[in-house]
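Here is a short report on how one protein chain is put together.

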Amino acid sequence: MQSLSDSSSSPVPRRDPSATVPAARGAVRGSAAYRHIVLALFCSGFATFSLLYCVQPLLPAFAREFDIGAASASLALSLSTGFLAVSILLAGMVSERFGRKELMFASLATAACCNLLAGVAPDWHLILVARALEGFALGGVPAVAMAYLAEEIDAGGLGFAMGLYVGGNAFGGMVGRVAMSTLAESFGWRHAMLAIGALDLVLAVVFVMMLPASRNFVRNGTLRLRDHLGLWRRHLGHARLPLTFGIAALNMGIFATSYNYAGFRLMSPPFSLSATLTGLIFSAYIFGIVSSSWAGALADRYGRAPLVAAGIGLSCLGLFLTCTPWLAVVIGGIVLLTIGFFTTHSAASSWVGRMAGQGKGHAASLYLLAYYLGGSVLGSAGGWFWEHAGWNAVAAFMLLQVLGAAWLARCLWRQGRN
């Protein structure tokens with residue numbers, strides 16, 4: 001009995017924290033499991049966004065080769081993001097039955113194959129079909145990745161992990177765009193698309209081999225459509241989550257619009273840059289990689305609301321700089337827009353998992369539905385302003401989105417800082 005008394009008064013957490021706490025709280029920052037998770041998700045983010053956005057620097061080339069306008073050319077990207085937005089909702093339901101890891105791998109591999117098909121498609125309409133299917137396939141990655149991180153990472157390191165995942169998105173988007181513009185000018189855009197598709201097919205295999213199996217996820221094959229609708233309805237009725245969804249839509253709309261038509265502007269007078277030099281503007285994504293990780297770590301320490309507000313403010317400043325006639329200042333404006341976008345997205349996306357409680361995958365799917373629909377609809381709409389009134393009209397269109405995002409962020413701020 002003496003030994004029982006001693007054990008009950010001893011500091012139990014020192015004796016078996018590894019047996020209980022990590023299983024309940026998730027992988028702790030610095031652990032081997034944490035490193036494997038963030039590296040695997042970094043690879044998935046890279047593959048997803050290099051596939052999704054590799055056509056963005058090709059929009060002027062599509063317009064010339066197929067004799068179409070800027071808004072029509074942007075469909076090669078907007079259809080992908082639009083179908084991705086729709087498939088995200090379905091992916092959330094499927095992952096509850098079949099698991100997170102399996103669905104993400106299947107999505108990456110299928111999307112890479114669709115990119116290969118787009119590279120050999122003989123006409124514009126078939127390219128659009130392949131790109132739409134690619135976007136639909138990719139829907140199995142973003143929402144499920146956010147849910148996986150929220151389930152498997154300790155809350156104290158979630159912001160940093162989410163920031164690294166978003167950094168992988170940024171790196172993939174940058175390499176996909178820059179490599180595409182360089183390869184397309186040297187070897188043709190079809191060969192460039194085939195190279196991107198083959199690379200990301202390899203990365204899909206690396207991802208599935210590296211990612212640990214879920215420890216805190218339980219497959220649920222009993223959820224019916226009514227149950228899924230109930231979870232989505234509950235999240236939409238949340239006091240703060242819908243505000244975050246709105247910020248996601250507007251934030252992505254600003255970013256997609258700026259990058260969709262920056263290439264058209266830089267290749268036109270007074271700048272008249274070549275396709276390769278114009279493609280280098282996407283190197284600004286390196287600032288997104290740094291700022292997303294930085295913002296995620298700061299969000300863990302100071303709260304999400306200040307970081308969201310700061311990101312929107314940086315986007316606004318960058319927007320004004322892009323309206324000047326000086327190339328260096330325009331590039332600086334695009335850099336600030338990029339930093340602002342990734343700061344906002346990194347903080348807001350990690351916020352969703354913390355606010356959602358039950359049904360994190362469903363909350364993440366709603367966030368990303370808004371995010372990609374914003375990029376798809378607003379990104380294409382910006383083409384009308386470019387065709388009819390040039391860059392200043394595009395900038396005015398983006399300014400309206402910035403003001404809308406700022407108003408939503410103010411509403412969130414008033415309801416609490418974390």
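## H10 against H17

In this predicted model, helix H10 (residues 155-187) packs on helix H17 (residues 327-356) at an angle of about 135 degrees. Their axes are 9 Å apart. The crossing of the two helices is right-handed.

H10 brings Ala155, Leu158, Gly159, Met162, Gly163, Val166 and Ala170 to the contact. H17 meets them with Phe342, His345, Ser346, Ser349, Ser350 and Arg354. By class, the contact of H10 with H17 holds six nonpolar, six polar and one charged residues.

## H3 against H11

Helix H3 (residues 32-53) and helix H11 (residues 189-210) form another pair, with axes that come within 9 Å. They cross at roughly 160 degrees. H3 is therefore roughly antiparallel to H11, as the cut-off for that label is over 145 degrees. The crossing of H3 and H11 is left-handed.

On the H3 side, the contact is made by His36, Leu39, Ala40, Leu41, Cys43, Ser44, Phe46, Ala47, Ser50 and Leu51. On the H11 side, the residues are Ile196, Gly197, Leu199, Asp200, Leu203, Val206, Phe207 and Met210. The contact of H3 with H11 divides into 13 nonpolar, four polar and one charged residues.

## The nonpolar core

In soluble globular proteins, nonpolar side chains tend to be buried together. Here, the largest nonpolar core has 131 residues. Leu41, Phe62, Leu149, Tyr367 and Tyr372 have the most contacts inside that core. Helix H13 (residues 241-266) supplies the largest share of the core, 15 residues.

Which residues does Leu41 touch, not counting those up to four places away in sequence? They are Met104, Ala145, Tyr148, Leu149, Tyr165, Phe207 and Leu211. Leu149 is itself on the list of residues with the most core contacts. Phe207 also belongs to the H11 side of the contact with H3.

## The chain as a whole

The chain has 19 helices and zero strands. Of its 418 residues, 57% count as buried. Consider the contacts with a separation of 6 or more: residues 24 or more positions apart account for 84% of them.

## Loop residues

The loop between H13 and helix H14 (275-279) holds Pro270. The peptide bond from Pro269 to Pro270 is cis, with omega near 5 degrees. Ser272 is found in the loop between H13 and H14. Its phi is positive, about 50 degrees, although Ser272 is not a glycine. Is Ser272 buried or partly exposed? With a relative accessible area of 48%, Ser272 is partly exposed.

Asp67 lies in the loop between helix H4 (59-65) and helix H5 (70-73). Asp67 is not a glycine, yet its phi is positive, near 55 degrees. Asp67 is exposed, with a relative accessible area of 71%.

Ala239 sits in the loop between helix H12 (225-236) and H13. Ala239 is exposed because its relative accessible area is 57%, and the cut-off for exposed is over 50%. How many residues apart along the chain are Ala239 and Leu412? They are 173 residues apart, with C-alpha atoms separated by 9.3 Å.

How values were computed. Residues are numbered from 1 along each chain as its sequence is written. This is a predicted model: local features need pLDDT of at least 70, side-chain atom pairs count only at pLDDT 80 or more; totals for chains, interfaces and linings use all residues. Side-chain values use heavy atoms; hydrogens and water are left out. Axes are lines fitted to C-alpha atoms, for helices over the stretch in contact, and angles run from 0 to 180 degrees between N-to-C directions. Helices (H or I, at least four residues) and strands (E, at least two) are DSSP runs, numbered from the N terminus. A crossing is left-handed if the near helix is turned anticlockwise from the far one by less than a right angle, and right-handed if clockwise. Contact means heavy atoms within 4.5 Å. Ala, Val, Leu, Ile, Met, Phe, Trp, Tyr, Cys and Pro count as nonpolar, Asp, Glu, Lys and Arg as charged, and the others, Gly among them, as polar. A nonpolar core is a set of buried Ala, Val, Leu, Ile, Met, Phe, Trp, Tyr and Cys residues joined through side-chain atoms within 4.5 Å. Buried means under 20% relative accessible area, exposed over 50%, partly exposed in between (1.4 Å probe, protein chains only). Angles under 35 degrees count as roughly parallel, over 145 as roughly antiparallel, 65 to 115 as roughly perpendicular and the rest as oblique.
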